[in-house]
Amino acid sequence: MRLLVMLVPSGPFAVVVALGSAQTIAWASSYYLPAILAAPIARDLGLAPTYVFGALSAALVISGLLGPRVGHVIDTFGGRRLLAVSNLVFVAGLLLLSVAHGVALLIAAWVLLGIGMGMGLYEAAFATLARIYGANARRTITGITLIAGFASTVGWPLTTWLASEYGWRVACQVWAVIHISVALPFNLSLPRAVPLDQQPRPSTGAHQQSGRQDETFAMVLLAYMFAAVGFVSSGISAILPTMLVAFGATPAQALFAGTLVGPAQVGARLLEAGWLGRFHPLLSARLATLMNPIGVVALVAGGPFLASTFTVLYGAGNGIITIARGTLPLAIFGPVGFGKRVGMISLPGRATGAFAPLVLGLMVEHFGSNALWISALASISAFFALLLLRADQKP
């Protein structure tokens with residue numbers, strides 16, 4: 001492990017590769033885990049699958065509550081060590097889950113995974129980059145999401161294969177080993193945080209906080225927007241294969257369509273890193289909120305035949321919104337206090353996202369395709385919230 005840390009260079013590109021790879025592992029082994037393992041875990045423990053999704057919901061609540069505190073710690077000390085500790089927490093949660101034989105250990109395992117998610121997912125990674133690169137962190141934020149956009153593409157097939165060949169318990173243990181052997185060294189390779197008074201000044205065209213729009217009003221709008229899209233993202237991502245099967249797709253078709261989410265996210269993020277990167281992130285965020293409603297219309301109209309179209313549109317919108325979770329607050333408020341501010345803005349989104357897998361799962365089960373119109377309306381309301389935010393934040 002020490003050798004791997006020493007061999008990793010500390011330039012921006014290396015930071016993006018290291019942190020992006022660690023984020024891929026973190027997402028695949030926590031947030032995306034129940035989509036594949038909920039059924040075998042529930043069957044083995046004699047529970048309904050909703051118990052597993054309920055445990056994920058509790059984990060998301062815990063991670064959201066930790067957000068402001070984690071962000072404050074990163075604002076003060078930087079995020080390298082905290083991200084490394086998150087890998088150890090993930091390992092503990094995964095190993096505990098692998099030996100669970102009842103509800104008590106299942107809940108305890110997801111409590112640990114929730115703590116790991118609060119310490120080690122995107123908000124913590126974005127805040128870490130803001131402490132390293134200041135107001136110029138937009139490109140690195142986009143970069144790590146380009147890599148971590150493959151979390152479902154890599155995670156779902158790998159978890160499926162491990163569970164089918166060796167059982168879900170071994171699948172959890174393998175992910176724990178990957179955290180220790182790969183993700184932990186990558187996080188430890190990150191450079192130390194730059195003192196705030198020594199951070200690089202924003203490059204030409206960057207946006208700084210100007211005070212022209214009331215900060216509280218802007219934070220409320222952003223919090224609502226992320227709450228709405230968080231409901232959509234968490235709900236659909238957690239139940240996507242199951243939901244597509246409910247719409248008539250075969251398990252193979254559902255798995256194939258699900259694997260397109262990652263490439264769609266990456267494709268949209270490449271567009272954000274290129275052409276859209278010349279504009280304020282509000283523009284790309286507004287466009288992104290319209291992707292899910294268009295995809296819902298396509299899925300409802302075409303059924304299983306257009307399942308892949310839905311996942312591509314959903315993935316593209318979700319990919320850009322994920323970047324916006326870091327770039328929008330950075331562009332509007334600046335890097336000072338970024339971690340705590342992002343934690344506060346993300347808290348409502350964590351809350352809605354926590355209950356979304358269970359709520360959308362039950363709605364799809366009882367109401368079929370009509371359930372997706374709720375997600376479309378949530379995305380449209382997020383679009384209108386973004387319309388109220390001003391793009392021009394220059395003094």
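**Aromatic pairs and a helix residue**

Nine aromatic pairs turn up when the whole structure is searched; rings of Phe, Tyr and Trp (its six-membered ring) pair if their centres lie within 6.5 Å, and planes under 30 degrees apart count as stacked, over 60 as edge-to-face and the rest as tilted. The model is predicted, so local features need pLDDT of at least 70 and side-chain atom pairs count only at pLDDT 80 or more, while totals for chains, interfaces and linings use all residues. Residues are numbered from 1 along each chain as its sequence is written, and side-chain values use heavy atoms, leaving out hydrogens and water.

**Aromatic rings**

- The pair Y31 and Y32 is edge-to-face, because the ring centres are 5.1 Å apart and the planes stand at 90°.
- Y31 is buried (under 20% relative accessible area; exposed is over 50%, partly exposed in between, with a 1.4 Å probe and protein chains only), at 5% relative accessibility.
- Y32 also counts as buried, at 9%.
- W161 and Y166 form an edge-to-face pair, with ring centres 5.6 Å apart and planes at 85°.
- W161 has a relative accessible area of 43% and is therefore partly exposed.
- One aromatic cluster is made up of W27, Y31, Y32, Y122, F126 and W156.

**R341**

- R341 lies in helix α17, residues 338-367; helices (H or I, at least four residues) are DSSP runs, numbered from the N terminus.
- R341 is buried, because its relative accessibility is 15%.
- Apart from neighbours within four places in sequence, R341 contacts E215, M219, F333, G334 and V336, where contact means heavy atoms within 4.5 Å.

How values were computed. Helix = DSSP H or I, 4+ residues; strand = E, 2+ residues; numbered from the N terminus.
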